[in-house]
Every structure is written in C-alpha cells, then in structure tokens.
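Thanks for coming. I have one structure to go through today, and I will keep to what can be read from it. Please have a look at it before I start.

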Amino acid sequence: MEWISEEDSVLSEDEIRVETHACGISIGAEMPQYLGTDPTDVEPVYPRKVGYESAGRVIEIGRSVTDFKVGDRVIAFYGQQTSGVIPSGKAVGIPAHVEW
C-alpha cells in the first residue's frame, strides 16, 4: 500500500467536489481482475483505482452550479478516491429521507 498526496485542483465553474463515503466495485470487470481470472487483464498493475460509482457529500461547488449545494448527499461516477471533481451533471442527489 502506498499513500499519495495530491493538491486539490481548482474547480471549473460547472464542477462539484465530492467527499467519498462509500464506493462500489464492478463484479463483472474489477472483481475478476482482483481474483486473477480476467483473461483480458492477466497481469493487473497496482495500485489502481477501483469502482466507478461512489456516494458522498458535496464539499465544494463551482460558480455556475445551481443544482447542488455544499453538504448535499450525492451518488457520482468518478472512480474511487478520497474526493472526486466531476461535472455537476454526472452526480445525482440523494433524497433527505434516504438513510445510508
């Protein structure tokens, strides 16, 4: 395992930054790679990001973002990491009554 520190990028006006709370992995692609049974990736290179759907909270918004505010809970598609910067159109809000 290796810890890599990176500076936060500056958001574009239509982007949001999401703090990841949970992430799923693909049972069809990533799980076979992990198990060493994927015939298309017989020697996977690590470290690698896993998952491409994540749940978390919005921690920063770009100037023109109007559909989210800081603190909103979202499901987003950006690959597992501590936080992700994505266009606001690539996230879906989670209704307040849904528990996680």
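How many helices and strands does the secondary structure of the protein chain come to? The count is 1 helix and 5 strands. Read along the sequence, the elements follow the pattern β-α-β-β-β-β. The protein chain has 100 residues, and 31% of them count as buried.

Let me start with the core. The largest nonpolar core has 8 residues: Ile16, Val18, Val58, Val65, Phe68, Val74, Ala76 and Ala91. Strand β1 and strand β3, residues 73–76, each supply at least two residues of this core. As a general remark, nonpolar side chains in soluble globular proteins tend to be buried together.

There are nonpolar side chains on the outside as well. Tyr34, Leu35 and Tyr46 form a nonpolar patch on the surface, and their accessible area together is about 390 Å². Of these, Tyr34 belongs to helix α1, which covers residues 30–35. Tyr34 counts as exposed because its relative accessibility is 62%, and the cut-off for exposed is over 50%.

Now the charges. How many salt bridges does the structure hold? The answer is 3.

I will take Arg63 and Glu13 to begin with. They form a salt bridge in which the closest N and O atoms are 3.0 Å apart. Arg63 sits in the loop between β2, residues 53–61, and β3, while Glu13 sits in the segment before β1, so the pair ties together parts that are 50 residues apart in sequence. Arg63 is exposed, at 75% relative accessibility. Glu13 is partly exposed, with a relative accessible area of 42%.

Next, Arg17 and Glu60. Their side chains meet in a salt bridge at 2.9 Å, N to O. This pair also links distant parts of the chain, with Arg17 in strand β1 and Glu60 in strand β2, 43 residues apart. Is Arg17 buried or exposed? At 3% relative accessibility, Arg17 counts as buried, since the cut-off is under 20%.

Lys69 counts as exposed at 54% relative accessibility, whereas Asp72 counts as buried at 18%.

Glu15 lies in strand β1, residues 15–24. Glu15 is buried yet has no salt bridge. Which side chain of opposite charge is nearest to Glu15? That is Arg17, at 7.0 Å. What Glu15 does have is a backbone neighbour: a polar atom of its side chain lies 2.8 Å from the backbone nitrogen of Ser12.

Staying in strand β1, we come to Glu19. Glu19 counts as partly exposed, at 36% relative accessibility. Its side chain makes a polar contact with the side chain of His21, at 3.1 Å. Glu19 and Glu60 are 41 residues apart along the chain, and their C-alpha atoms are separated by 9.2 Å.

Where is Ser54 relative to Ala22? The two are 32 residues apart in sequence and 5.7 Å apart in space, C-alpha to C-alpha. Ser54 counts as buried, at 3% relative accessibility.

Last, a loop residue. Thr40 is in the loop between α1 and β2, and at 72% relative accessibility it counts as exposed. The side chain of Thr40 makes a polar contact with the side chain of Asp38, at 2.6 Å. From Thr40 to Ala29 the separation is 11 residues in sequence and 9.5 Å in space, C-alpha to C-alpha.

To recap: a predicted model with 1 helix and 5 strands, a largest nonpolar core of 8 residues, and 3 salt bridges.

Notes:
Residues are numbered from 1 along each chain as its sequence is written. This is a predicted model: local features need pLDDT of at least 70, side-chain atom pairs count only at pLDDT 80 or more; totals for chains, interfaces and linings use all residues. Side-chain values use heavy atoms; hydrogens and water are left out. Patches are made of residues with over 30% relative accessible area and no salt bridge: like charges are joined within 9 Å, nonpolar side chains (Val, Leu, Ile, Met, Phe, Trp, Tyr) within 5 Å. Accessible areas come from the Shrake-Rupley method with a 1.4 Å probe; for residues, only the protein chains shown count as cover. A salt bridge is a side-chain nitrogen of Lys or Arg within 4 Å of a carboxyl oxygen of Asp or Glu. Helices (H or I, at least four residues) and strands (E, at least two) are DSSP runs, numbered from the N terminus. Buried means under 20% relative accessible area, exposed over 50%, partly exposed in between (1.4 Å probe, protein chains only). Lys and Arg count as positive and Asp and Glu as negative; His and the chain ends are not counted. A polar contact is a pair of N or O atoms within 3.5 Å; within protein, one must be able to donate a hydrogen and the other to accept it, and residues adjacent in sequence count only if both atoms are side-chain atoms. A nonpolar core is a set of buried Ala, Val, Leu, Ile, Met, Phe, Trp, Tyr and Cys residues joined through side-chain atoms within 4.5 Å.
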